[in-house]
Amino acid sequence: MSGDTVVSTPEVGDADAAQLAKFGYGQELRRVLNLFENFAVAFCYISPVVGIYSLFVLGLGTAGPRYLWLLPIVVLGQLFVALVFAELGSHYPIAGALFQWGKNLIGPNYGWWVGWMYGWALIMTVASVDTGLILYAGPLINNIFNTTINFADPNQILICTVLLILVQLAFNIGGVNFLGRISQIGVYFEIIGTFGIAILLAITGFHHNISYLFSTQGTESAATSPLGVDFGGNWWLGAAFVAILAHVYIFYGFESAGDVAEEVVQASKRVPRAIISSLLTAGITSFVLVAALILAIPAGSKGLANTVAGGVPFLISSNVSSAFLQDLALFVVCFAFFSCGLAIQAAAARLIYSYSRDRALPASATLSRVSPRFRTPVNALLVAAVIPALFAILARFTPSSNITIAFITIPAKVNALFLLVSFAVSGIYLSFLLVVVAALIARLRGWQAQGAFRLGKWAIPVMVAGCVWLLAMLVNILIPSGITSPRGALFNYDWITLLVVVVIVAIGGVYTLIAHPARRIEKLVQQGNVP
């Protein structure tokens, strides 16, 4: 893949620009990304390192070592979605992918709602990813400079998050070349952070044999659960349904290869390859790392409990005695968080730019403006930085006791930003579902893909499978099951995630009633071009 480094010749550039012009858009963004860079943007968004280091404890504590085998199920389910997106990204290589796909397949109003849910999910994901960096950067800085950063202090978390967002903003404004280069480096760090850590743990010696990977270690019962949750002794029909969310929360972001499609050379060919390869590569690297981490759990009756309490840093420090290697592992994780946030911020900005270019947002003329110097949507990038920074303030609010409002309970000792993370995932899955449903409806109405990548006779079966998968996981994420239930206590906090979805939909509904963005989009479509 890295050998596919064909640069944009005038002929190639003209062909890409001509294809874009068929959809009514001029080539404003700089088209320079090759296949590996396009893959790298998507892979860094998925970021196995960020996902696993953030969610390993929840998956392991909920379902034990056997939670590893839920990972291939998630990757397969998302592969159906990725194949649909690959076909759409090849046919419609336009910035702001999901919005454009929904708009062109069904209509402006439908596309607007797809973009609305997807956009808020992206914004909240930027905030959640960047807020998590200090958990690893704090100890690393303390180790190197003998400082005393308290990475649990809300003020220091906020400062670190805002500084990180500003640095990412500077790189993104500087040009898509920076995004491509940083993402390429991010891929290498991800490989080190997955295969490298796995090999290091294998060299130092695993503490269990392969059979341990198939055990539950009693996580399905309250008396032996390291997280203190009770599934009534049911693993497949209990623990697995909740633990699978630890993987569900990781394997998305491959669609961002389509978000930057207008900056990819030979986009119709390369975007689908980047979408599919980023998901499959993330699946393989994640499986290897999770398996290695589980096998590295210290032996003994308290090994699992101590791992759930201390997480991945505990596993590394308990198996690797070298302070240098421990710091190196922390640095790799920190860079993974940085490149992940950078890629998501870029994807969010391209969606805002694409939305605004169709006059679908307030201040669209300003937000759709492209810097003549950097050829990047600077104003859209500013929005994609400022709003996550404002959301980061929510990390300061952590109730000391449960807050009950009618039938809704805001749980104690969970900060407000963390409550929004579940919406970020549900918003992603909802927008994914809307797009796959749109593709299925359009196909049944006679639409045929004309891009370089086509599903052919497999299109409808793949789309149906994608719809079933996404609907099942969306229900699994959103369904209220009580604040004391394992799902309510660990993931969706009973009604909270569903409530946030309802609030976002309500805000969008009010805006559409007042501003009628679909009418503006339709007007531009009828004109055949955009200003």
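**A walk through the model**

Reader: Which residues does Ser 431 touch, not counting residues up to four places away in sequence?
Author: This is a predicted model, in which local features need pLDDT of at least 70 and side-chain atom pairs count only at pLDDT 80 or more, whereas totals for chains, interfaces and linings use all residues. Residues are numbered from 1 along each chain as its sequence is written, and side-chain values use heavy atoms, with hydrogens and water left out. Taking contact to mean heavy atoms within 4.5 Å, and leaving out residues up to four places away in sequence, the partners of Ser 431 are Leu 98, Val 114, Met 117 and Tyr 118.

Reader: Is Ser 431 buried or exposed?
Author: The terms rest on relative accessible area with a 1.4 Å probe and protein chains only: under 20% is buried, over 50% is exposed, and anything in between is partly exposed. Ser 431 has 0% relative accessibility, so it counts as buried.

Reader: Which backbone oxygen does the side chain of Ser 431 reach at 2.8 Å?
Author: A polar contact is a pair of N or O atoms within 3.5 Å; within protein, one must be able to donate a hydrogen and the other to accept it, and residues adjacent in sequence count only if both atoms are side-chain atoms. The side chain of Ser 431 has such a contact at 3.0 Å with the backbone oxygen of Gly 427. At 2.8 Å, the side chain of Ser 431 reaches the backbone oxygen of Ile 428.

Reader: In which helix does Ser 431 lie, and how many residues of H18 are buried?
Author: Helices are DSSP runs (H or I, at least four residues), numbered from the N terminus, and the place of Ser 431 is in helix H18. This helix covers residues 416-444 and reaches 43 Å from its first C-alpha to its last, close to the 42 Å expected at 1.5 Å a residue, where the expected span is 1.5 Å times one less than the number of residues. The rest of the structure largely encloses H18, because the number of its residues that are buried is 22 of the 29.

Reader: How are the rings of Trp 116 and Trp 120 arranged?
Author: Rings of Phe, Tyr and Trp (its six-membered ring) pair if their centres lie within 6.5 Å, and planes under 30 degrees apart count as stacked, over 60 as edge-to-face and the rest as tilted. The structure holds 31 aromatic pairs. In the pair of Trp 116 and Trp 120, the ring centres are 5.8 Å apart and the planes stand at 80°, so the arrangement is edge-to-face.

Reader: How many residues apart in sequence are the parts tied together by Phe 171 and Phe 338?
Author: Phe 171 and Phe 338 form an edge-to-face pair, 5.8 Å centre to centre with 75° between the planes. Phe 171 counts as partly exposed at 27% relative accessibility, whereas Phe 338 counts as buried at 11%. Phe 171 lies in helix H8 (residues 154-173) and Phe 338 in helix H15 (residues 323-357), so the parts that the pair ties together are apart in sequence by 167 residues.

Reader: What is the phi of Arg 375?
Author: Most residues other than glycine have a negative phi. Arg 375 lies in the loop between helix H16 (364-367) and helix H17 (378-392), and its relative accessible area of 28% makes it partly exposed. Although Arg 375 is not a glycine, its phi is positive, at about 55°.

Reader: What separates the C-alpha atoms of Ile 250 and Ser 47?
Author: Ile 250 lies in the loop between helix H11 (245-248) and H12, and with a relative accessible area of 6% it is buried. Ile 250 and Ser 47 are 203 residues apart along the chain, and the separation of their C-alpha atoms is 7.7 Å.

Methods
Helix = DSSP H or I, 4+ residues; strand = E, 2+ residues; numbered from the N terminus.
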